[in-house]
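Visitor: Could you take me through this model, one question at a time?

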Amino acid sequence: KEYVTDHIAKAFKDYQDIENVKMLLLRAQVANPELVRALEDQGAIVDDVSVYQTVPETEDRTGAAARLVEEGADWITFTSSSTVKNFIALNEPGAIHRYKTASIGPITSETLKMHGVEPTIEANPHTTEGLIDAILRHHNSPR
């Protein structure tokens, strides 16, 4: 029901005993290790395999950062902690404070807060659809 580590692990616990069940997690190289620990605490045998690496852009090859400076944006959406860090690294200092920010979930929101940004909204459920719905609800709410 919740797309966060402790709820995922609890969903397994509520569904069935996973003692000695072999699990393969295919994830980002920087994925939070808490899910592996939580599943192993329940007795699962977990292979945590990095299948992709998040690498920040070091230059503005598409011109997107320059267009953002020139044209602005209504929202900046963040779907992981690495998107927060990479946005901040690629853009001028303080640029993030000019925009409404949408976070996909609590870990991403925490990363925004660590960089001095209180997210305008946080998706719930913590999915792409939840993120879109949260933006639409915020946009359509009376001010």
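Guide: Please keep in mind throughout that this is a predicted model. The pairing can be followed from strand S4, residues 100-103, which is joined to S5 by two bridges, the two strands running parallel.

Visitor: Which residue in S5 does Ala 102 stand opposite?

Guide: Strands S4 and S5 run parallel and are joined by two bridges. Within this pairing, the residue in S5 that stands opposite Ala 102 is Ile 121.

Visitor: Which strands are the edge strands of the sheet?

Guide: The sheet is open and consists of three strands with parallel pairing, in the order S3-S4-S5. An edge strand here pairs on one side only, and this holds for S3 (75-78) and S5 (121-122).

Visitor: Is Thr 127, in the loop between S5 and helix H6, buried or exposed?

Guide: Thr 127 lies in the loop that leads from S5 to helix H6, residues 128-140, and, leaving aside residues up to four places away in sequence, it touches Tyr 3 and Ile 104. A polar atom of the Thr 127 side chain also lies 2.9 Å from the backbone nitrogen of Gly 130. Because its relative accessible area is 14%, and the cut-off is under 20%, Thr 127 counts as buried.

Visitor: What kind of aromatic pair do Phe 78 and Phe 87 form?

Guide: The structure holds one aromatic pair, and both of its residues, Phe 78 and Phe 87, are buried. Their ring centres lie 5.7 Å apart, with 85 degrees between the planes. Since planes over 60 degrees apart count as edge-to-face, the pair formed by Phe 78 and Phe 87 is edge-to-face.

Definitions and conventions:
Residues numbered from 1 in each chain as written. Predicted model: local features only at pLDDT ≥ 70, side-chain atom pairs only at ≥ 80, totals over all residues. Heavy atoms only, no water. Pairing = 2+ DSSP bridges. Helix = DSSP H or I, 4+ residues; strand = E, 2+ residues; numbered from the N terminus. Buried < 20%, exposed > 50% of the residue type's maximum accessible area, 1.4 Å probe, protein only. Polar contact = N/O pair within 3.5 Å; in protein donor to acceptor, adjacent residues only side chain to side chain. Contact = heavy atoms within 4.5 Å. Phe/Tyr/Trp six-rings, centres within 6.5 Å; stacked < 30°, edge-to-face > 60°.
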